[in-house]
Amino acid sequence: MKNSLTRRAGLLSLAALSTLLAAGAAQAQGKTELLVYSALEADQIKAYKQAFEQDHPSIELKFVRDSTGIVTARLLAEKANPQADVIWGLAATSLMLLDKEGMLQGYAPKGLEKVRANMRDPRAQPTWVGMDLWSSAVCFNTVEADKRKLPKPASWADLTQPAYKGTVTMPHPASSGTGYLMVSAWLQMMGEDKGWAFMDALHQNIGVYTHSGSKPCRQAGAGEFPVGLSFEYRANKTKKDGAPIDIVFPKEGLGWDLEATAIMKTSKKPEAAKALADWAVTRKANELYGANFAILALPEAQQKMEHVPANLEQMLAKNDFVWAAANRERILTEWARRYEAKAEKK
């Protein structure tokens, strides 16, 4: 009798488990899966995804993540058969290229009126809306610098001094948005002739061009290269994590770009895509961005970053986004002709 009761209890437990699994599967099947292409840092995506899905439990985000240039190239290559539903966290200059190709859907997210006017497509139905701004920064390893008797740079021009030969690493502008915003800024600040002359001189001191905007700062933090050209989020995080670096914001001005959100025109899940676009401009989302970046689309959500100057906004170089987007292919072709020999292997 006891064995019979035990078997019956076991059968009931299995039945209950099967019911729960079936219910879970049904719930999973009921979710809308949204494919998101992104150049967000891998250590940001988890927090953003979790917060969005908490507010929208019926939508599950699936990410395809890589560096800005690689994501941009993939989207353009897929133009005839687009895969992504939404782009969340890609350079505005890249989104302008996609918009020019007719790939983006105009949409005014709820709360758009609170977004800075200079951090969104100005049309009433914008094809992209900014999230935050990221700028160039130099990670300078003080321990390695002492060993090699390297002076601390204060400007971009300083990095062309012979003392820095072989000690500098920077992102490849075709792969990395951070790399491209630097190159674009130098050409705009200095003029094209002087800008290319500066990069010729800098090239003499470059050890390697990486395919990631974060990697040069990580390399500097680890002492692999004393000087890493990167961006302020990664510099701030690397220093907070204990690396012996000083963060330099060159006095001539900082290159910068916007991370932004856009809906693909071909998305077959427009309501879910709009839900993400709406959420991406909320204060909650901006507060998450603010844990990583000093300048946000919603100014009221900004917070001071520990190792980033409060006046960062005043340090930014003038940036013509339209020019940067329109001339991207020409600039990258010329850059590759001059400097590709020092690019790291993919």
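Reader: Among contacts between residues at least 6 apart in sequence, what share joins residues at least 24 apart?

Author: Happy to start there, with a word on the ground rules. This is a predicted model, in which local features need pLDDT of at least 70, side-chain atom pairs count only at pLDDT 80 or more, and totals for chains, interfaces and linings use all residues. Residues are numbered from 1 along each chain as its sequence is written, and side-chain values use heavy atoms, with hydrogens and water left out. A contact means heavy atoms within 4.5 Å, and among contacts at least 6 apart in sequence, the share joining residues at least 24 apart is 74%.

Reader: What part of the 346 residues counts as buried?

Author: Buried means under 20% relative accessible area, exposed over 50%, and partly exposed in between, with a 1.4 Å probe and protein chains only. The C-alpha atoms fill a box of roughly 90 × 50 × 40 Å along the principal axes. Of the 346 residues in the chain, the buried part is 51%.

Reader: Which residues form the disulfide, and which way is it handed?

Author: By the rule that two cysteine sulfur atoms lie within 2.5 Å, the count is 1 disulfide. Cys-139 and Cys-217 are joined, S to S 2.1 Å, and both are buried. The torsion about their S-S bond is about -90°, so the disulfide of Cys-139 and Cys-217 is left-handed.

Reader: How many residues apart are Cys-139 and Cys-217, and which elements hold them?

Author: Helices (H or I, at least four residues) and strands (E, at least two) are DSSP runs numbered from the N terminus; the chain has 14 helices and 11 strands. Cys-139 sits in strand E5 (residues 129–141) and Cys-217 in helix H8 (residues 215–222). The pair therefore links distant parts of the chain, its two members being 78 residues apart.

Reader: How many salt bridges are there, and which residues are linked in a network of them?

Author: A salt bridge here is a side-chain nitrogen of Lys or Arg within 4 Å of a carboxyl oxygen of Asp or Glu. The structure holds 22 salt bridges. The network links Glu-41, Asp-43, Arg-65 and Arg-234.

Reader: Where do Arg-234 and Glu-41 sit, and how many residues apart are they?

Author: Their side chains meet in a salt bridge, 2.7 Å from N to O, and both Arg-234 and Glu-41 are buried. Arg-234 lies in helix H9 (residues 232–240), while Glu-41 lies in the loop between strand E1 (32–38) and helix H2 (42–55). These are distant parts of the chain, with the two residues 193 residues apart.

Reader: Is Glu-78, which pairs with Arg-74, buried or exposed?

Author: The side chains of Glu-78 and Arg-74 meet in a salt bridge at 3.0 Å, N to O. Arg-74 is partly exposed, with a relative accessible area of 41%. Glu-78 has 16% relative accessibility, so Glu-78 counts as buried.
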